[in-house]
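This report covers a sheet and a pocket of the model shown below.

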Amino acid sequence: MTEELHTVAECINKGLAIMVAGLGVGGSSVDSILTGRRIPHITVDDRKPAAYTFADVLSSSFKWDTVGCIVTSPGFSPYSDFLMCAARNNIPVISEVEFAWQISSDSSGTGSRAQWIGITGTNGKTSTTEMTSEIMRANGFSAPAVGNIGTPVSQAAVDKDNRMLVVELSSFQLHYTYSIRLAAAAITNLAQDHLDWHGGFDRYVADKARIYSNVTDALVYNADDARVAHIAHGTVLREGCERIGFTLKPPAEGQIGVEKGWITDRRHPSGPAPARIAPLTDFPHLCEPDGTVYPHLLADALCAFCLAAGMGADLQDAAHALAGFAPGGHRIVRVALYIPGPGQPAIRFIDDSKATNAHAAAASLSSFPDRSVVWIAGGLTKGAHFDDLVRSQSHVMASVVVIGKDQAYILEALKKYAPDIPYTLIDPSDNTTVMKRAVDAAGRYAQPGDAVLLAPACASMDQFASYADRGDKFAVCAKEWVKAKQDTGQEAD
């Protein structure tokens, strides 16, 4: 399907309506923009007021010849009944991101629009987006973090006060995105996720790789991830575009990395030694109070440094901006602390509810010493398997508490690769008490110095409203557990 068939302008010129499928946050934003600009469109949704339901448009009586294109919600996979029906009727489909890029071009015809920095990957997108936004704002840019977080990208794109956007991009959004020209683009990492939506890992990776199409200033990649590095080095750069890698190791030429406890820049080495940016001790959000570094958060920060460097930001200003930055909620956040007795190390309760897949959970677990974690795991597995996760991280686990309605795959991995580690299965029948029962079970296992870590490796919707709701309930229950211990003067079991 050629690019011109995907344009909003083509629909307008031909007098065809734009269909907005799904009135969630993004769809509602598209609907509002089209209404404000008096562009003919129709809305489709089953749960919110709309012109049509999905049953209506799937019926034989619906007139598809009045529709020029569909702006789809990420909730619809290419294999959904709705989009398969659209394909049979030769209706082009675009994402809200593609719509935002097209609609944001200056109506005067000059093509003026904000510069976009785009970030995708299996994990770390949100933290990297937030950090990059913080750095660019410290460098004097109006650069809000948008897309999957904060303001819908279409609303931010039409706001003339925004001269730069830092956009978190999911694989769902990128699948139906064709013409964006990012100033800087990054892939944080790649691991198996959302395979049911994409129809396989290769297709998932191909959709992620779309972010590098037409990047103009800086292509940023994870040099420690072989798949990402392969894609980055296989991408033909536009003239003037810089390829920048980030690594947790001492950086090679063209990279920013870590050497002797310092973030170091070797993009343009002027001598044998790379330029030092700042010591890791300047960034308390990247490590525990004892100095233990969270490698996945450090990787996110390095990616943000690379994106900022590619946009011409001063890296000393960047370091200063990140020194006081804290990641958003539910990302390695200590929510409760219990000191069992005088001179004894504390039991910490850590909320990493945002670790919604095995790759993220593995990164979270890897931050802790051997046999020091009571791991709370489980939820909606999305067909994933956990063998690699348990095999690689079992040395960290002291015990495991399994929540969720889909417990079989995690239990299978524990029995196969961690048979000596004790575990408790939480009866999934009562969603209202599941987290309290999980925290109580974890508390019975926890010993002085342990971390009770909620890093579920699964989606949350089977028992909670969202990963944020899951994390919030964990924090409440953890604080209640600590208070009960303190009120009774008990030591940890």
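## Strands β10 and β11

Strands β10 (residues 242-246) and β11 (residues 255-259) run parallel and are joined by two bridges. F246 has I256 in β11 as its bridge partner. Strands here are DSSP runs of E with at least two residues, helices are runs of H or I with at least four, and both are numbered from the N terminus.

The model is predicted: local features need pLDDT of at least 70, side-chain atom pairs count only at pLDDT 80 or more, and totals for chains, interfaces and linings use all residues. Residues are numbered from 1 along each chain as its sequence is written, and side-chain values use heavy atoms, with hydrogens and water left out.

## The sheet

An open sheet of nine strands has the order β6-β7-β5-β8-β9-β10-β11-β12-β13, with mixed pairing (two strands pair if DSSP finds at least two bridges between them). Because β6 (145-147) and β13 (275-279) each have a single partner strand, they stand at the edges and one side of each lacks a neighbour in the sheet.

Helix α11 (residues 226-234) packs on the sheet and touches β8 (184-187), β9 (218-222) and β10 (contact means heavy atoms within 4.5 Å). The direction of α11 makes about 155 degrees with that of β9; axes are lines fitted to C-alpha atoms, for helices over the stretch in contact, and angles run from 0 to 180 degrees between N-to-C directions.

## The second largest pocket

A pocket is an open set of points on a 1 Å grid over the protein atoms alone, where a 1.4 Å probe fits, with protein on both sides within 12 Å along at least five of seven lines; lining residues have an atom within 4 Å of a point. Helices α12 (295-310), α14 (358-365) and α15 (387-393) each supply at least two residues of the lining of the second largest pocket.
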